[in-house]
Amino acid sequence: MSNQQATLDQKSVTAARMLGVEMIEASHSGHPGIVLDAAPMAYTLFEYHMRFNPKQPKWINRDRFVLSAGHGSALLYSLLHLNGFDLTVDDLKAFRQMGSKTPGHPEYGWTPGVDASTGPLGQGLGMAVGMAIAEKHLAAQCNRPGMPVIDHYTYALAGDGDLMEGISQEALDIAGNLQLNKLIVLYDSNDVSLDGPLSMSTHDNVEQRVKAASWNYERVEDGNDLAQIDAALWRAKRSDKPTLIEVKTVIGYGAPKQGTNKVHGTPVGQDGLAVLKEKFDWHEPSFTVPQAVYDHFQELVAAKEKQYQRWLEMWASYQQQYPQLAAQLMNDEFKLSDDALNYQPGEKIATRLVCDDALQEIARQNPMFWGGAADLASSNKTLLKNDDNFAADNLLGRNLRFGVREFGMAAALNGITLHGGTRAFGSTFLVFSDYLKGAVRLAALMKIPTTFVFSHDSLAVGEDGPTHEPVEQLAALRSMPGVDVYRPADANETIASWQVIGKTTDRPSVIVTSRQGLPVLAAAKHAPVERGAYILAPAQTNHPAGILIASGSEVSLALQARERLAKEGIDVQVVSMPCQERFLRQSKQYQEMVLPPRLDKRLAIEMGSSMCWHRFVGLNGMVMGVDEFGTSAPGEQVIEKFGFTPERVAAAFKQAAGLENEKSAQMAANG
């Protein structure tokens with residue numbers, strides 16, 4: 001490397017450092033520590049190893065970069081700006097301000113060049129694992145001799161906090177087991193966390209830890225030595241395993257409080273800026289970069305754009321020779337045909353078994369559909385029976401074996417979805433959704449269509465007892481903005497739910513299935529699940545007493561209670577509500593057609609927390625739910641103990657409607 005080149009490299013690193021620190025100073029908030037210590041490794045990676053095109057930030061064969069240590073966003077924004085992405089100096093000046101392209105932590109879909117929303121520590125590492133999984137699978141599926149249309153690396157930058165979070169071990173284990181050799185993690189090892197020295201809480205031997213997880217390990221002793229970092233990256237690319245490169249750094253390098261937690265999340269101040277400028281021999285006004293540095297970045301990017309043009313030429317030939325594969329690669333939906341599955345009214349079948357049938361058919365119709373489970377595929381009924389396991393020696397397999405790693409699974413699924421080219425699902429018991437809700441939340445924040453399948457949906461789990469019987473989980477999932485939660489009533493609604501999920505591309509979907517058998521409902525055939533709720537059994541008179549509203553297994557229970565009430569001369573309408581979120585997005589006209597305001601005597605029925613039903617029953621209605629933990633007994637006995645029988649439902653409605661005695665019931669029947 002020439003002296004001129006080395007000088008330009010150092011000036012470029014300084015430019016990234018100073019822009020980042022100036023952004024933080026302007027906003028009076030941010031994290032300068034990682035900006036100052038990690039700039040050399042991030043610069044070396046971006047400029048001399050990563051393949052991307054700033055004018056086409058969604059190019060499917062670009063190298064992916066996940067800033068798992070998302071608090072270092074100012075460094076990422078600086079590099080994106082310097083590399084010519086659509087981020088101006090004014091955008092940098094608006095760091096952390098309302099509506100700016102430079103929010104406090106990286107947000108996917110908001111800032112050009114950001115491949116994942118990060119900030120909750122550890123999840124970025126998990127998403128990077130998913131991206132690397134997707135690259136391997138798509139390369140095996142789509143590449144043809146002389147046409148490697150999918151051939152890229154996935155990189156992540158992680159800090160001590162990422163590796164302390166438990167999800168990091170799940171992610172390391174998944175990646176090591178699959179030998180994801182095109183996954184490379186730069187570990188900013190500065191031995192300081194937010195509260196103080198890392199030694200207060202952690203004495204891990206990271207080398208032994210990652211090697212035990214079947215990773216390759218590299219170490220760079222001086223985080224400012226670009227040549228050492230570059231050499232470690234090249235060695236990592238030659239490994240047959242995923243690689244973690246531990247880069248020893250000094251947090252807040254060059255600042256007055258370097259090496260301490262005082263520079264982790266606090267601006268350095270004007271005095272600190274002066275010290276940094278002296279340290280780095282930087283004499284430019286704020287937010288100013290020498291033209292020679294901009295020219296240097298432009299020259300580096302020009303070489304990357306040539307790589308993109310060569311790929312485009314290959315892609316054009318590929319599209320001509322393999323049009324079907326090319327179309328599949330660019331399609332973000334999946335289908336399930338109406339006539340694929342058929343169930344007879346009155347037949348009794350658990351919706352997890354219907355889900356199983358649906359998954360087989362979806363996989364048959366959609367080659368880019370795949371997924372797995374947290375070691376529960378046989379219980380969730382989510383194994384793709386005509387496919388092999390995805391493994392290091394079988395990259396075409398479509399069954400992902402995540403092991404008992406719910407959070408790692410969900411983060412990896414988000415990474416697979418972010419990568420593009422496939423649609424993926426993951427599964428576990430509903431009660432264990434607690435282990436992965438953070439990833440569901442990030443999927444919602446990123447507006448990506450990851451699909452989560454949760455079986456064993458209620459107290460009907462039975463003998464496994466309260467540890468396995470979900471109560472509050474449905475309410476918790478429904479409380480998240482931007483998540484559609486489907487709890488189908490029968491086989492027909494299960495099929496319809498999967499059809500809607502296949503067309504959904506702007507939000508994650510959760511489908512919750514039953515362990516126990518449920519009757520197939522004739523009236524639910526071709527159910528309008530896309531509208532969230534519908535009248536399953538209309539009233540028989542012009543003046544019904546009210547409405548029963550239910551989801552899942554409780555819909556058939558509501559129908560039984562309706563029959564019982566009818567024998568007492570009480571006419572009610574039954575509404576099935578498989579997806580509250582979709583119903584709430586319908587027009588007011590449709591909502592009032594399903595739930596007429598005049599019918600304000602309502603009973604909502606669900607074997608779970610009552611919290612999310614009150615908005616649908618109003619002040620004059622009631623909710624028959626479960627607001628305590630379950631018990632260990634056969635499922636039918638548990639259901640009866642908590643009152644979910646036709647008799648108890650009918651009695652609860654009469655109480656809600658003020659029809660608790662025969663005289664008032666007769667008056668209602670007579671209008």
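**Ser193**

I started with Ser193, which is buried at a relative accessible area of 17% (buried is under 20%, exposed over 50%, partly exposed in between, using a 1.4 Å probe and protein chains only). I'm working on a predicted model, where local features need pLDDT of at least 70, side-chain atom pairs count only at pLDDT 80 or more, and totals for chains, interfaces and linings use all residues. Residues are numbered from 1 along each chain as its sequence is written, and side-chain values use heavy atoms, with hydrogens and water left out.

I found Ser193 in strand S4, residues 192-193 (helices, H or I, of at least four residues and strands, E, of at least two are DSSP runs, numbered from the N terminus). Leaving out residues up to four places away in sequence, I got Met164, Leu198 and Asn261 as its contacts (heavy atoms within 4.5 Å). I also checked Ser193 against Lys262: they sit 69 residues apart in sequence, and their C-alpha atoms are 9.9 Å apart in space.

**Positive phi: Lys381**

Next I looked up Lys381, which isn't a glycine but has a positive phi of about 65°. I see it in the loop between helix H14 (377-380) and strand S10 (399-401). Lys381 comes out as partly exposed, at 26% relative accessibility.

**Positive phi: His456**

Which loop holds His456? I traced it to the one between strand S12 (451-455) and helix H17 (473-478). His456, also not a glycine, has a positive phi near 60°. Is His456 buried or exposed? I noted it as buried, with a relative accessible area of 6%.
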